[in-house]
Every structure is written in structure tokens, then in C-alpha cells.
Amino acid sequence: MQKAAEPFEFRYHEQRIQVQPKLVGRDWVYALYFQDGRLPLVISQAKADHGGRFWTSLPEGRLAEAEEFGAFVAHFESNLPSVKQLSSEPLRLFE
């Protein structure tokens, strides 16, 4: 089941980046939309073999951006509602 939370935004180098959090299964993924025309980026945290966590892009290939923007997104994670508070919606990452 996919569920959506309220979108948020942050500023990065004078650019506004809009973020749409989506709960997919038990994991949050974040679709990032940029003003500078680059393709949207979907990021999530993954578990490393040694037990730590890291930010990655979905699909893989934009790891540097995922790590950079994941640090900003992490500041908003504590504001996300619990799973029970969300309404069900179809998963639309690139609306």
C-alpha cells in the first residue's frame, strides 16, 4: 500500500526544492522536484551491510545527489505523520 504525506520544500543554493514524501510498504521514499530543470529525483534510506543507513536514489545512479539532498530531507522526517494518520492514495511520484 502506498500513502502520501504533506509535501514540503527547502532551499538549496537559492533554489527551491519541493519534496513529496510517499510511504511504500514500511519505507518512506521522497520525490524531489527541482526548479533548474533537472529530472526529478527519488531517494530513500537503505540499510548498509554493516548495520548503518545511507541515502540512495531510486533507481540507482544518482547516489551523490541522494546523499546530498538526503541530509536536508532528514531534518523533516520527524514531522511526518504516523502510518495510521495517512489516507490511502495511488503512488504518483512524478505528477
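User: In which sense do strand β4 and strand β5 pair, and over how many bridges?

Analyst: Two strands count as paired if DSSP finds at least two bridges between them. The strands themselves are DSSP runs (E, at least two residues), as helices are (H or I, at least four), and both are numbered from the N terminus. Here, β4 (residues 27-34) and β5 (residues 41-47) pair in the antiparallel sense over 4 bridges, with tyrosine 30 opposite isoleucine 43 in β5. Bear in mind that this is a predicted model: local features need pLDDT of at least 70, side-chain atom pairs count only at pLDDT 80 or more, and totals for chains, interfaces and linings use all residues. Residues are numbered from 1 along each chain as its sequence is written, and side-chain values use heavy atoms, leaving out hydrogens and water.

User: Which strand pairs with β5 over 5 bridges?

Analyst: That is β6 (residues 53-57), again in the antiparallel sense. Alanine 46 has phenylalanine 54 in β6 as its bridge partner. Five residues lie between β5 and β6 in their hairpin, where glycine 51 has a positive phi of about 100 degrees.

User: Is histidine 13 buried or exposed?

Analyst: Buried means under 20% relative accessible area, exposed over 50%, and partly exposed in between (1.4 Å probe, protein chains only). Histidine 13 is exposed at 66%, and glutamate 14 is exposed at 70%. Across the protein, 38% of the 95 residues are buried.

User: What does the side chain of aspartate 36 touch?

Analyst: A polar contact is a pair of N or O atoms within 3.5 Å; within protein, one must be able to donate a hydrogen and the other to accept it, and residues adjacent in sequence count only if both atoms are side-chain atoms. Aspartate 36, in the loop between β4 and β5, makes one of 3.0 Å with the side chain of arginine 38. Aspartate 36 is partly exposed at 45%.

User: Where is the cis peptide bond?

Analyst: It joins leucine 58 and proline 59, with omega about -5 degrees. Proline 59 lies in the loop between β6 and α1 (63-74).
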